[in-house]
Amino acid sequence: VQLQASGGGLVQAGGSLRLSCTASGSIFVMAWHRQAPGKQRELVAAISRGGSTNIADYVKGRFTISRDNAKNTVYLQMNSLNPEDTAVYYCGAGSGWYNINYWGKGTLVTVSS
């Protein structure tokens with residue numbers, strides 16, 4: 001399975017961005033992780049094929065994950081961005097919330113203060 005992500009960029013604090021990731025095939029769980037400089041990669045949000053979600057506490061209320069199964073595409077709508085959200089965001093897919101078998105290339109999100 002190949003994953004193609006898009007939508008990163010530079011935004012001012014308080015702004016919004018939408019990330020998209022399309023898989024070459026159907027996968028049970030699709031997820032977004034992020035890795036800030038000097039930090040470990042961490043789960044941001046994940047969604048199952050049935051629509052169940054797992055969202056990290058630090059983005060709840062600001063980020064929304066959604067999915068279009070017909071297009072094998074997952075979206076991450078990011079609102080009220082702050083500089084701490086600056087990171088490379090990676091699309092992942094796999095069999096469970098923490099069983100990510102496939103990774104896409106990261107897309108950089110930079111939030112300026």
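Reader: Which residue in β8 is the bridge partner of Phe63?
Author: In this predicted model, Phe63 has Met78 of β8 as its bridge partner.

Reader: And how many bridges join β7 and β8, and in which sense?
Author: The two strands pair in the antiparallel sense over 6 bridges, with β8 covering residues 73–78.

Reader: What is the strand order in the sheet?
Author: The sheet is open, has 4 strands and runs β1-β3-β8-β7 with antiparallel pairing. On average, neighbouring strands are turned by 15° against each other, direction ignored.

Reader: Turning to the core, which residues have the most contacts inside the largest one?
Author: They are Trp32, Val44, Phe63, Val74, Leu76, Met78 and Tyr89, in a nonpolar core of 28 residues. Elements giving two or more residues to this core include β1, β3, β7 and β8, and also β4, β5, β9 and β11.

Reader: What lies apart from it?
Author: Another core, of 5 residues, which includes Val29, Ala31, Ala46 and Ile100.

Reader: Now Asn54: buried or exposed?
Author: Asn54 counts as buried, because its relative accessibility is 18% and the cut-off for buried is under 20%. Asn54 belongs to strand β6, residues 53–55.

Reader: Which side chain does the Asn54 side chain make a polar contact with?
Author: That of Tyr98, at 3.5 Å.

Reader: What else does Asn54 touch?
Author: Leaving aside residues up to four places away in sequence, Asn54 touches Leu43, Val44, Ala45, Ala46 and Trp97, as well as Tyr98.

Key
Residues numbered from 1 in each chain as written. Predicted model: local features only at pLDDT ≥ 70, side-chain atom pairs only at ≥ 80, totals over all residues. Heavy atoms only, no water. Pairing = 2+ DSSP bridges. Axes fitted to C-alpha atoms, helices over the stretch in contact; angles between N-to-C directions. Core = buried A, V, L, I, M, F, W, Y, C linked by side-chain atoms within 4.5 Å. Buried < 20%, exposed > 50% of the residue type's maximum accessible area, 1.4 Å probe, protein only. Polar contact = N/O pair within 3.5 Å; in protein donor to acceptor, adjacent residues only side chain to side chain. Contact = heavy atoms within 4.5 Å.
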